[in-house]
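Subject: Structure handover

Hi,

Here is the structure for you to look over. My notes follow below it.

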Amino acid sequence: MKRSDLGHIDNGLAAALDVVGEWWTLLVVHSVMDGCTRFDAIQSRLGIARNILADRLNTLVGAGVLERVAYSAKPPRYDYVLTDTGLALAPALAALETWGDTWCRG
């Protein structure tokens, strides 16, 4: 279930959370950064429900974080690749992962 948007809050963090703040979204981006670019591979790696993954990928493509690149016409199949906008998330994800390793894991 999509949470209500944060457009009423006028700052960059709220705007970023509107794009990447849903559960699974940052893990999807992280998987693509690690080279896991196909729907089935991402789904298998994360164990995420297919409908949720489809929603997260559509959101990320719509926001310009990922781009869909066709690798098969019949049936239509896509790789998901990071745009410059998506690549710019790398330092933030690395910092968040370090914080999680330091403060949130046993």
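Start with the strands: Ala-70 sits opposite Tyr-78 of S2. Please keep in mind that this is a predicted model.

Strand S1 covers residues 66-72, and strand S2 covers residues 77-82. They pair in the antiparallel sense, over six bridges. Together S1 and S2 make a hairpin, with four residues between them.

Next, the helices. Two packed helices are described by the angle between their axes and by the distance between those axes. Helix H2 (residues 25-33) packs with helix H6 (residues 90-103) at an angle of about 110°. The axes lie 11 Å apart. Angles of 65 to 115 degrees count as roughly perpendicular, so H2 is roughly perpendicular to H6. Their crossing is left-handed.

Which residues make the contact? H2 supplies Leu-26, Val-29, His-30 and Met-33. H6 supplies Ala-90, Leu-93, Leu-96 and Glu-97. By class, the contact of H2 with H6 has six nonpolar residues, one polar and one charged.

One more residue in helix H2 to look at: Thr-25. Is Thr-25 buried or exposed? Its relative accessible area is 2%. Buried means under 20%, so Thr-25 is buried. Leaving out residues up to four places away in sequence, Thr-25 touches Val-19, Val-20, Arg-56 and Leu-60.

That is the list for now.

Best wishes

How values were computed: Residues are numbered from 1 along each chain as its sequence is written. This is a predicted model: local features need pLDDT of at least 70, side-chain atom pairs count only at pLDDT 80 or more; totals for chains, interfaces and linings use all residues. Side-chain values use heavy atoms; hydrogens and water are left out. Axes are lines fitted to C-alpha atoms, for helices over the stretch in contact, and angles run from 0 to 180 degrees between N-to-C directions. Helices (H or I, at least four residues) and strands (E, at least two) are DSSP runs, numbered from the N terminus. Angles under 35 degrees count as roughly parallel, over 145 as roughly antiparallel, 65 to 115 as roughly perpendicular and the rest as oblique. A crossing is left-handed if the near helix is turned anticlockwise from the far one by less than a right angle, and right-handed if clockwise. Contact means heavy atoms within 4.5 Å. Ala, Val, Leu, Ile, Met, Phe, Trp, Tyr, Cys and Pro count as nonpolar, Asp, Glu, Lys and Arg as charged, and the others, Gly among them, as polar. Buried means under 20% relative accessible area, exposed over 50%, partly exposed in between (1.4 Å probe, protein chains only). Two strands pair if DSSP finds at least two bridges between them.
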